[in-house]
Amino acid sequence: MSSKDESIFSKEALMSTKPGKDIVKQALFKSKGYRQFDKYKKEAEEELPKFTKRFADDLYRQIKSDNTPHETQEKFASEVGSNDIILEKSQIDPVKKKLEDYNILLDRVTRILNSNFVKMTFPVFSALYDASSQHFGDGDAKMKTDLIDGHIIAIDLSEPMDRIMDKDEDVEYLDDYKLMNPYILQLARIKIGTGGQQVLEEFEKGFKDARIGQYVDFKLKMKPQSITEEAMIECYKKYRAVMGTAGKNMALARLPLGEIFYLGMAKAAESVGCGNEIEDSIKNKFVKVPSWPLYYTMLTNDVQKGFEFTMKKSEMYLNEARLALDLLPENFSHKDFLEFLFLTVEHYNSFWFNQLQKQKLWSEFDSKLPR
């Protein structure tokens, strides 16, 4: 299990939840799912520094060779529908000059890669690509690297964009991130495109949906009282589209496996989203805006019930993800891996819900609700 906070998957933490105890039991008896998961986790730990260097090297080349950075910024703003995430024209040259120092750029890349989303998904994509290759009887080492790199880079784009919008982390580096963003997207497209036209088209559809989700998220931040179930479903496109599309593309968008991967990954990501909202609420000492805890709190006028319903919502998402397992072909090589993966998602959510119950932040949360 990989995340920014490794203590979540310590033995003590695992023994504090029911799914965690199942994980410990599977580790003890070295179940097939545990063995597969452990293999891909170790591979990802070895691969992540190499990936970081590839990412920084490619990004460095793109930034340094761009003779029209202002046009690049303008085009990106037009595509994502916001001028708030690009630099003023007068800022571009000094920021570009600064990022042409490789060590500075490498630092910024390392910062945005320090993300649960990146660390928890890297081994998953590798497993899905291998599973698809075994199922279809093909596979290509370079294509595997490019596809995984491309989708991890695309996922990572959400980190600087969120930090720019929220202004709650890395505030001193936000101008650097503004310059980097268009090149990150460009790089993701180049690498994902090696999978073929259909794979690239699937990515473009997913990226569009993710932008819609991010826009709804931003609107709800401005007016939290307007939160509705429909708005939250739209908001969650940012999880569903990104992870579901990446899952589908690990099967090169081939049916039916690509669609099954989409369903499993999309719903697992939405489930993790609920856990992430609980974690962020604990760390920030207020109910995250927007979030399912906020939505259910608004409906029940009870913060504690708001989080209890969020846990039920996370279970509903995870049940849908597990439904995808039943749709897999008979004797599918990586079914045990996926079962184990979903167990880690369940533990992650349960762990943070347990922490919340211990800390009893209900009064503090209630006092800071948007009125």
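Visitor: How many cavities of 30 Å³ or more does the count give?

Guide: In this predicted model, the count comes to 1 cavity of 30 Å³ or more. The largest cavity has a volume of about 70 Å³. The space is called a cavity because a 1.4 Å probe fits there but cannot get out.

Visitor: What makes a residue part of the lining of the largest cavity, and which residues line it?

Guide: A lining residue has an atom within 4 Å of a point of the cavity. The largest cavity is lined by L128, I260, F261, G264, M265, A321, A324, L325, L328, L338 and F342. At least two lining residues come from each of α13 (257-284), α15 (303-327) and α16 (335-359), and α13 contributes the most, with 4 residues.

Visitor: How does the lining divide into nonpolar, polar and charged residues?

Guide: Of the lining residues, 10 are nonpolar, 1 is polar and none is charged. G264 belongs to this lining, and Gly counts as polar.

Visitor: How many disulfides does the structure hold?

Guide: The structure holds 0 disulfides. For C235, the nearest cysteine sulfur is that of C274, 11 Å away.

Visitor: Why are C235 and C274 called buried?

Guide: The term applies under 20% relative accessible area. C235 has 1% and is therefore buried; C274 has a relative accessible area of 1%, so C274 is buried.

How values were computed: Residues numbered from 1 in each chain as written. Predicted model: local features only at pLDDT ≥ 70, side-chain atom pairs only at ≥ 80, totals over all residues. Heavy atoms only, no water. 1 Å grid on protein atoms, 1.4 Å probe; cavity = no way out; pocket = protein on both sides within 12 Å on 5 of 7 lines; lining within 4 Å. Points joined across faces, edges and corners; volume = space filled by probe spheres on them. Disulfide = S-S within 2.5 Å. Buried < 20%, exposed > 50% of the residue type's maximum accessible area, 1.4 Å probe, protein only.
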